[in-house]
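Have the viewer open as you read.

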Amino acid sequence: MRKILIAGTAVLSLCAVGAVFAGEDAAELFKTHCQSCHGADGGRAPGSGIAPIRGQNSADLLNMLEGYRDGTFGGQRKQVMVGVVKRLSDEQMKSLAEYAAAL
Ligand code: HEC
């Protein structure tokens, strides 16, 4: 009986950790992959003529990220971003676009 209770509690706390992680995932990704160049608030513009990513629409951001990946978008310094998006999955790009748009 006691064992079942302990197992139940463990499963419940795993679920709680999972839920929190889903919320923090995009913030973590942004910190790891984007912040050094675009700034913690997405307000820095690292490329000449490139707008800061904060305040942009999430669908536009996703289009740009996919464009860097597919070679259909980019300015003079696009190779920098091509290298960045190569390391991201579709899911990660999507949550990063949503996260950055909300900054
Ligand atoms: C090593 C520096 C660096 C990192 C890391 C980086 N970027 Fe960039 N980013 C740039 C540069 C430089 C440009 C301009 C590239 C060009 O000329 O197209 C750019 C451009 C962009 C643009 C296009 C903005 C516009 O309005 O044209 C978006 C969107 C973007 N980055 C998002 C991200 C996201 C999201 C991440 C994290 C996954 C990220 N970047 C990580 C340097 C970086």
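Six donors count as octahedral if opposite donors are over 155 degrees apart and all others between 65 and 115, where donors are N, O and S atoms within 2.8 Å of the metal (3.2 Å for Na, K and Ca), with water not among the atoms. By that test, the site of the iron atom of the ligand is octahedral, with angles of 85 to 178° among its six donor atoms. This is a predicted model, where local features need pLDDT of at least 70, side-chain atom pairs count only at pLDDT 80 or more, and totals for chains, interfaces and linings use all residues. Residues are numbered from 1 along each chain as its sequence is written, and side-chain values use heavy atoms, leaving out hydrogens and water.

**Iron atom**
- His38 (NE2) and Met81 (SD) are the protein donors of the ligand's iron atom, lying 2.0 to 2.2 Å from it.
- The pair links distant parts of the chain, with His38 in helix H2 and Met81 in helix H4, 43 residues apart (helices are DSSP runs of H or I, at least four residues, numbered from the N terminus).

**Shell around the ligand**
- The ligand is surrounded by 24 residues (a heavy atom within 4 Å), and the closest are Cys34, Cys37, His38, Gly75 and Met81.
- The shell divides into 16 nonpolar, six polar and two charged residues, with Gly counted as polar and Cys and Met as nonpolar.

**Polar contacts (N or O pairs within 3.5 Å)**
- The side chain of Gln56 has an N or O atom 3.0 Å from an oxygen atom of the ligand.
- Lys78 has a backbone N or O atom 3.4 Å from a ligand oxygen atom.

How values were computed. Polar contact = N/O pair within 3.5 Å; in protein donor to acceptor, adjacent residues only side chain to side chain. Tetrahedral: all angles 85-135°; square planar, octahedral: opposite > 155°, others 65-115°. Helix = DSSP H or I, 4+ residues; strand = E, 2+ residues; numbered from the N terminus.
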